[in-house]
Amino acid sequence: MKIPKVSVLMPNYNCEKYLSEAIESILNQTYKNFEFIILDDCSTDNSWNIIQKYAKKDKRIRAFKNEKNLKIVKTRNKLFSLISNESKYIAIFDSDDISLSSRLFKEVNFLEKNNDYGIVGSNLLIIDEKSKVIGKRSYKPKFNIKDKSILIKSPLAQPSVLIRKKALERIGLKYSSDSKFDRARDFDMWVKIGDFSKIKNIQQPLLKYRISTTQGKTTHLKETIKSTLQVQRKWYLK
């Protein structure tokens, strides 16, 4: 295998319904030089068997399972610790979404040509629980920490981003441990990196983002709003 240039990180908990579609969307990328790190957070469904099946078929997959249920933030931070030393970029991905086949190619291509950018994301296609496209979501093409519009909503879709590893290392290679930001730690990370680096959204959808009744932002809406306000307050005061 070539030394992986991209580490694709995917946490999973009880997503057997969508897992195969998510995994195959990464394996079918036109950009091939990646490692695919999957960490199962003690699923109680058939997820682990599905993950193992794919890991046996494709050596780019590195599959791990938590010894106990750590929840999403600790699982994401553990994923960062599993990245190969040689990786240059880190792709965030969720086990109920679908990456379009050109996603990694276009995002890697952008960061390779623009060294002053620390993160690149994209617009989204919105899909339902049956994978039917039901809408679109667009993001501003560029992000500036001095632009107060950042305090209105998160400037990036977390499962669409590719992060320059050096930028992530500069903030500790992890999401914040501050519990106030529990449901908006990604928002906090974007602003931290945006404080010293440029951020870009490719103005086309590179990810199908699933809306379902079981996802965290639906089941914990009040906590998400509260955490978002905490991040906004922190950076507004700064």
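Guide: Helices (H or I, at least four residues) and strands (E, at least two) are DSSP runs, numbered from the N terminus. The model is predicted, so local features need pLDDT of at least 70 and side-chain atom pairs pLDDT 80 or more, whereas totals for chains, interfaces and linings use all residues. Residues are numbered from 1 along each chain as its sequence is written, and side-chain values use heavy atoms, with hydrogens and water left out.

Visitor: How many helices and strands are there in the chain?

Guide: The chain has 238 residues. Its elements comprise eight helices and 10 strands.

Visitor: What percentage of the residues of the chain count as buried?

Guide: A residue is buried under 20% relative accessible area, exposed over 50% and partly exposed in between, for a 1.4 Å probe and protein chains only. Of the 238 residues, the share that counts as buried is 52%.

Visitor: What share of the contacts with a separation of 6 or more comes from residues 24 or more positions apart?

Guide: A contact means heavy atoms within 4.5 Å. Among the contacts in the chain with a separation of 6 or more, residues 24 or more positions apart account for 80%.

Visitor: Are H1 and H2 roughly parallel or roughly antiparallel?

Guide: The axes, lines fitted to C-alpha atoms over the stretch in contact, form angles from 0 to 180 degrees between N-to-C directions. Helix H1 (residues 16-27) and helix H2 (residues 47-57) have axes that come within 9 Å and cross at roughly 20°. Angles under 35 degrees count as roughly parallel, over 145 as roughly antiparallel, 65 to 115 as roughly perpendicular and the rest as oblique. The crossing therefore makes H1 and H2 roughly parallel.

Visitor: Which residues of H2 make the contact with H1?

Guide: On the side of H1, the contact is made by Glu16, Leu19, Ser20, Ile23, Glu24 and Leu27. On the side of H2, the residues are Ser47, Ile50, Ile51 and Tyr54.

Visitor: Is the pair of Phe80 and Tyr175 stacked, edge-to-face or tilted?

Guide: The structure holds two aromatic pairs. Rings of Phe, Tyr and Trp (its six-membered ring) pair if their centres lie within 6.5 Å; planes under 30 degrees apart count as stacked, over 60 as edge-to-face and the rest as tilted. Because the rings of Phe80 and Tyr175 have centres 5.5 Å apart and planes at 35°, the pair is tilted.

Visitor: How many residues apart in sequence are the parts that Phe80 and Tyr175 tie together?

Guide: Both Phe80 and Tyr175 are buried. Phe80 lies in helix H3 (residues 71-81), while Tyr175 lies in the loop between helix H5 (165-170) and helix H6 (185-194). The pair therefore ties together parts whose separation in sequence is 95 residues.

Visitor: Is the pair of Phe110 and Tyr117 stacked or edge-to-face?

Guide: Phe110 is buried at 16% relative accessible area, and Tyr117 is buried at 7%. Because their ring centres are 5.0 Å apart and their planes stand at 75°, the pair is edge-to-face.

Visitor: How far apart in space are Ile127 and Tyr209?

Guide: Ile127 lies in strand E6 (residues 117-127) and is buried, with a relative accessible area of 0%. Not counting residues up to four places away in sequence, Ile127 touches several residues, including Ile98, Val133 and Tyr209. Ile127 and Tyr209 are 82 residues apart in sequence, yet their C-alpha to C-alpha distance is 5.9 Å.

Visitor: Is Ser131 buried or partly exposed?

Guide: Ser131 is found in the loop between E6 and strand E7 (133-137). Its phi is positive, about 70°, although Ser131 is not a glycine. Because its relative accessibility is 21%, Ser131 counts as partly exposed.
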